Amino acid sequence: ERADRDKPVDIEANRVTVDDRNKVHIFEGDVVLTQGTLMIKGDKLVVTQGADGFQTGVATASGGRLASFRQRREGSTEYVDGEAERIEYDSRAEKARLFNRAHVRSGGDEVRGHYIEYDSVSENYLVTNAPGSTPESSTGGRVRATIQPKGDNKP
Amino acid sequence: MRASYRLYPLIALGLLAGASIWLERLSRVDETRPAAVSSDTPDFIAENTRIVGFGQDGEQRYALVANRLTHLPASDRTMVDAPRLELDNQGRRLTIHATSGEVASGAERVDFRGDVVAWRAAAPGGAEMTFRSEHLTVWPDDHRAETQQALKLTQGATTAEALGMRADNLFGTLDLVGQARVQIPRRQGSKS
């Protein structure tokens, strides 16, 4: 949702390491980042803070779990949900990049692949098999997408 | 007359012996007297003090100002009322003040208690940092600080809270431990 970017970012965790020199905050343990309707969860979150506030966040999970993100769609009550081994969120570009075992659901639509890029301004997502990443054995590394037909009454 | 003349050495000897016994008794430390009343008895108290410490390079390392300073010899601790410590590290000033403080032997550790407020100058391109808690331990020589009590930090408009903290000013790192929560402001300058 567009208004999210103007909201303060709240981050909770069991532990935070602030690296004053490199302007990096490292959050560890049950990490939850909230900015308006945007929510990112993981076991670890590295936030780089620019001079004008929150810049980028990289969320990862451990023990085979996945980091997750969720954000409400503009002018809708529907949410976009995504999960992956690593999620990079760039608040300036308002893009979420999901790496490895990436999976995004929005309403009835669903995509899976190695790499998914979700643009929360245009609400489009790009899904590819990122070059260089090892194909997912179970799906043979192919991209899978399920896009629901839009009903007549939908704009 | 001759008898008294012969007695004279004896008298002199007697006087000498008496005097030395009297002198010995005078200088003998009376073991039986009780030791310094109790370990909490200060050996000196100073009011409105300012202590300045220098490094081997002659640079001022710290200045400690206090309303009152009480030294306890038994434990070699110094209790300070309303302490204000100024520490300089790589050109950045750190000031800490509190209701009371305790300086351990050799001043390698200072404990601040009660309304502890610390302020650290901004690094180039960064923002100044403030710290608030009820307790803070500082190791001036190691440029380290630590608390195991709830604290609140601000850096510019970013705020952080946690149940404990370890700061290492040499490496510029700071660990917040226990229910840590950080709030980073909305981006300045973005169109609302």
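In the predicted model, A:Y118 is buried, with a relative accessible area of 2%. A:F69 also counts as buried, at 2% relative accessibility. Both values fall under the 20% limit for burial.

A search of the whole structure returns two aromatic pairs over all chains. One joins A:F69 and A:Y118. The ring centres are 5.9 Å apart and the planes meet at 40°, so this pair is classed as tilted. A:F69 belongs to strand 5 (residues 67-72) of chain A, and A:Y118 to strand 9 (residues 109-119) of chain A. The pair therefore ties together parts that are 49 residues apart in sequence.

A:F99 and A:Y115 make up an aromatic pair as well. Their centres are separated by 5.0 Å, with 55° between the planes, and the pair is tilted. A:F99 lies in strand 8 (residues 95-106) of chain A, whereas A:Y115 lies in strand 9 of chain A. Parts 16 residues apart in sequence are thus tied together by this pair. A:F99 is buried, with a relative accessible area of 19%. The limit is under 20%, so A:F99 qualifies. A:Y115 is buried too, at 12% relative accessibility.

Charged side chains also sit over aromatic rings. The charged end of A:R86 is placed over the ring of A:F99, 4.2 Å from its centre. A:F99 thus has A:R86 over its ring and A:Y115 as its aromatic partner. A:R70 lies over the face of A:Y79, at 4.1 Å from the ring centre.

The largest nonpolar core holds 57 residues. Those touching the most other members are A:I11, A:F27, A:F69, A:L98 and B:L176. A:F69 is therefore a member of this core as well as of a tilted pair. B:L176 comes from chain B.

Between the two chains, 27 residues of chain A are in contact with 32 residues of chain B. Chain A and chain B bury about 2500 Å² between them, with 40% of this area on carbon and sulfur atoms. A:D6, A:D20 and A:R21 supply 22% of the area that chain A buries against chain B, more than any other three residues. Three salt bridges are found across the interface of chain A and chain B. B:R181 forms a salt bridge with A:E12, with the closest N and O atoms 3.7 Å apart.

Conventions
Residues numbered from 1 in each chain as written. Chains lettered and ligands numbered in written order. Predicted model: local features only at pLDDT ≥ 70, side-chain atom pairs only at ≥ 80, totals over all residues. Heavy atoms only, no water. Core = buried A, V, L, I, M, F, W, Y, C linked by side-chain atoms within 4.5 Å. Buried < 20%, exposed > 50% of the residue type's maximum accessible area, 1.4 Å probe, protein only. Phe/Tyr/Trp six-rings, centres within 6.5 Å; stacked < 30°, edge-to-face > 60°. Helix = DSSP H or I, 4+ residues; strand = E, 2+ residues; numbered from the N terminus. Lys NZ or Arg CZ within 6 Å of the ring centre and 35° of its normal. Contact = heavy atoms within 4.5 Å. Buried area = accessible area lost by both parts, 1.4 Å probe. Salt bridge = Lys/Arg side-chain N within 4 Å of Asp/Glu carboxyl O.
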